[in-house]
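User: I'm new to this one. Could you walk me through how to read it?

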Amino acid sequence: MRCGSSPESTPPRSLNNPDGRPRRVLTRNRMGWVSAEVSELSRAWVEDCRRAGETPVLDIGAAFGAACLEALGTGARVIANDLHAEHLEELERRAPAGSRLTLRPGHFPKDLFFEPETLHSVHISNVVHFLTGRQLERGLAAVARWLKPGGRLYLQAVTPFQAIFEGFWEEYARRVEAGVRWPGYIAKLSVYARHRQFSQMPRAVHLLDDVVLRRAAEAAGLRVERCWLFQRADQPKEIRLDGRESVALIARAPEEAGEAVERGFEHVAADGIADPDR
Ligand SMILES: C[S@@+](CC[C@H](N)C(=O)[O-])C[C@H]1O[C@@H](n2cnc3c(N)ncnc32)[C@H](O)[C@@H]1O
């Protein structure tokens, strides 16, 4: 579907408060909130979109967030994916006139296919905590295939280092110590944490830190340029801990066939207790 082809409907609600401050808008499928604030990671992706030319960029789990809208504003050809087609229809209604937008609803990685080396960049913000370790592994491998040589992945994820996950910290440290492959996978969040916001989340959640995310990206054949912990500017007060609440990663596809890449998982136990699908 292309921009301009969406059905008639009510105008989208603004991503900003009446006073102009950005606000967080609930997703329609209980998959957290859509950000009106463009994070430092998403900002880097938007800047990169300016260099995309005619090569498309992909936003996975785009919903109707500010980053995707800003990427469209650069003139890039943006392919927006989301599990929930209504989110994408709303994105289309919000998109600036003349946007080069293609909608691709479906599950990442199950339903998404692109020809190898056809994307300029891929952005995945606040989505991979909905994936199991195996899905993330497959997804990153797919992204590595889809990116043109030198093309970049921009990924932002939720870490265990948020105040609301305090009940999980001891278990997390134990799993890390034991060499568990996906130490942040929680099959039933209510076992470790309770918060009114969890009614807007699936019962399973996959928290990632910089070590695990870097390792996963390298295992997929990507070259990690930067991987860091940070606090989102729009992080609600009760979630804030100490500046490590989110993790960001920028990694690129190898420039030439055969360029040596580090593989990430050799030294990690293959049979982690927190890995549900191995
Ligand atoms: C928390 S919102 C993040 C939206 C936006 N990327 C942002 O950072 O503001 C998560 C979005 O990811 C979508 N999503 C969750 N799992 C997905 C999957 N496996 N494939 C595609 N989209 C997914 C949800 O439908 C939801 O719109």
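Analyst: Helices (H or I, at least four residues) and strands (E, at least two) are DSSP runs, numbered from the N terminus. Here, β4 (residues 77–82) pairs with β5 in the parallel sense, over six bridges. Within that pair, Ile-79 sits opposite Thr-102 of β5. This is a predicted model, where local features need pLDDT of at least 70, side-chain atom pairs count only at pLDDT 80 or more, and totals for chains, interfaces and linings use all residues. Residues are numbered from 1 along each chain as its sequence is written.

User: In what order do the seven strands of the open sheet come?

Analyst: In general, strands of a sheet pair through backbone hydrogen bonds, either parallel or antiparallel. In this sheet the order is β5-β4-β3-β6-β7-β11-β10, with mixed pairing. β5 (100–105) and β10 (223–230) are at the edges with a single partner strand each, so one side of each has no neighbour in the sheet.

User: Which residues of helix α1 are buried?

Analyst: A residue is buried if 20 or more other C-beta atoms lie within 10 Å of its own, exposed if 12 or fewer, and partly exposed in between, with C-beta atoms placed from the backbone. In α1 (residues 40–49), the buried ones are Leu-41, Ser-42, Trp-45, Val-46, Asp-48 and Cys-49. They line one face of the helix, because seen down its axis they fall within an arc of 160°, taken from the directions from the helix axis to the C-beta atoms.

Terms used
Pairing = 2+ DSSP bridges.
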